[in-house]
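User: Please take me through the structure shown below by question and answer.

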Amino acid sequence: MATDTAKISQLKSAVANLNQISESEKTGFVNLVSRYLSGEAQQVEWSKIQTPTDEVVVPYDTLAPTPEDPEETKKLLDKLVVLKLNGGLGTTMGCTGPKSVIEVRNGLTFLDLIVIQIENLNKKYGCSVPLLLMNSFNTHDDTQKIVEKYSNSNIEIHTFNQSQYPRLVVDDFVPLPSKGHTDKDGWYPPGHGDVFPSLKNSGKLDALLSQGKEYVFVANSDNLGAVVDLKILNHLIRNKNEYCMEVTPKTLADVKGGTLISYEGKVQLLEIAQVPDQHVNEFKSIEKFKIFNTNNLWVNLKAIKRLVEADALKMEIIPNPKEVDGVKVLQLETAAGAAIKFFDHAIGINVPRSRFLPVKATSDLLLVQSDLYTLVDGFVIRNPARTIPANPSIDLGPEYKKVANFLSRFKSIPSIIELDSLKVAGDVWFGAGITLKGKVSIVAKSGVKLEIPDGAVLQNKEINGPEDL
C-alpha cells in the first residue's frame, strides 16, 4: 500500500479536478481524510470516565423561570435562530424527497409544524426568530420548491447546503467521482458535524451575527419534541454557556444513544463506536450511563465563528463503509454533538422526555397520529389521559414499513391510550374505531388475510386468525 503521505498527495491532485464542489469543500475533505489516516480517532481510556455532576448536566427542574415581562422575553427571542437539519431523505419510510415533507398529523408535514410553531412564537412576542434549513445535495432542490408555500408567513426562512464530499474508493483511496461516477452516487453529505463549517462557508453565520443573533438552536427536523424552550435559552445567556446539549433519561429503547461523560476535566460525548468491546454492555446499561443525547443542541454563534476560523473543531471521525455498484467505498462523517468538548462553559441539560419525539419509522407515526397525542398551535402534545410515563412499544412487520402501506392498512388509527405493547406481523388490516389495551399481538399466518373489524376492543389478546377475534 502507498504511504499515507503519498495517498494524501494523490488525493489532493484528484480532488483539485473535481469541479462540482467549492474550494472550501475540497480543503475540508482533504483535511478530514488526513485526520482519518493519522489515526487520531482513538478510543477513550475507560478508567478516566467520570459521571458528570449537576453543574455539568443541569437538571431541567432547577432552571430559573423565564422573565414574566413579555418585553424581556422578546429580547431573549430576538437573539435566537432555529436551525433544522434537513439533509435526510424519506427513503427508509418509502417516501421520495426530503423526510421533512412526510405528513405527520392532520395533513401537516414536519416542516409545516415547525413553521406554525415559529410563526406563533413571533406573533405572540412580536419577535423575529428566523428558521434555517440545512439541506444536503439530496434535499436542496425539493426544499427550495417546498418553502415557497411559506412566502406569506411572518417568518424568515433561509436555506443553505451542507458540504458535498466525494466517496472514497477503499482499494486505492481515489475519489469515486474521479473514476467516472459523476452522478449522486459518487458523493455524500459528511454528517451533521458539518453544520458549523457550512454555516460559516454559506455566509449565513456572518449575516446572522450582523443582525444581533447570538444563539442557534439546532435539531433534527424529524424530532417533534424539539421546540423552542425559553428557560433553556435564558439559562445559557445568563450563564454564558457556549454550547448546550439536551439529554434525557435512557430507557431500554435508547441503549445505543451517545451519552455525556466528564473526561479529563471536560464534558464530552461518548458514542457506542468509541467504547472498547469489553465495555459495550456496561455502556448499554441504564444504571451507569443514565442519559443520552437527543441531538437538540444550543450553540453560541460567535463561538462557532471563532472555532471554525481557528479550524479547532476536530470531532471524532465516524467511518461509514458503503458499496456502490459492487465497489467498496468509505464515507467519513462527524456528529455535531461531539463538538461539545471544544466550547467554553459547555453543559448538558437533562430535559423531560417530551422534548425527544423522533419519527424514524411508521411505528413512531402510529404513536403521533393516535389519541396518545393532540395537536395545539403546531405543537404535538401528549394526552394527559395516559398516566404511564412511557409510550407503548410498537412493533410493526415489514408490510407496514412504507408510509403508504401503513396508511392503507388502517381505516383509522386505533385508540392506544391504555396500550402497553403491540406486535403486528403478516397481512393484517385494521377497521375504524378500534381500541387496543394492555399487550396485544396480531400475527397473521402466512397466506392468510386477517381483518380486524370496525369498533373492535382488543385487550391483552394474542390473535393468529379470525377464530381468535
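Analyst: Helix α4 (residues 110-125) lies across β3 (80-86), β6 and β7, and the helix runs at about 155° to β6. Here helices (H or I, at least four residues) and strands (E, at least two) are DSSP runs numbered from the N terminus; axes are lines fitted to C-alpha atoms, for helices over the stretch in contact (heavy atoms within 4.5 Å), with angles from 0 to 180 degrees between N-to-C directions. The model is predicted: local features need pLDDT of at least 70, side-chain atom pairs pLDDT 80 or more, while totals for chains, interfaces and linings use all residues. Residues are numbered from 1 along each chain as its sequence is written, and side-chain values use heavy atoms, without hydrogens and water.

User: Which strands are the edge strands of the open sheet?

Analyst: Eight strands form this sheet in the order β2-β18-β12-β15-β11-β3-β6-β7, with mixed pairing; two strands pair if DSSP finds at least two bridges between them. Each edge strand pairs on one side only, and these are β2 (57-59) and β7 (157-161).

User: Which residue in β7 stands opposite N135?

Analyst: Strand β6 (residues 131-135) and β7 run parallel, joined by five bridges. Opposite N135 stands N161.

User: Is S441 buried or exposed?

Analyst: S441 lies in strand β24 (residues 435-443). Buried means under 20% relative accessible area, exposed over 50%, partly exposed in between (1.4 Å probe, protein chains only). Because its relative accessibility is 19%, S441 counts as buried.
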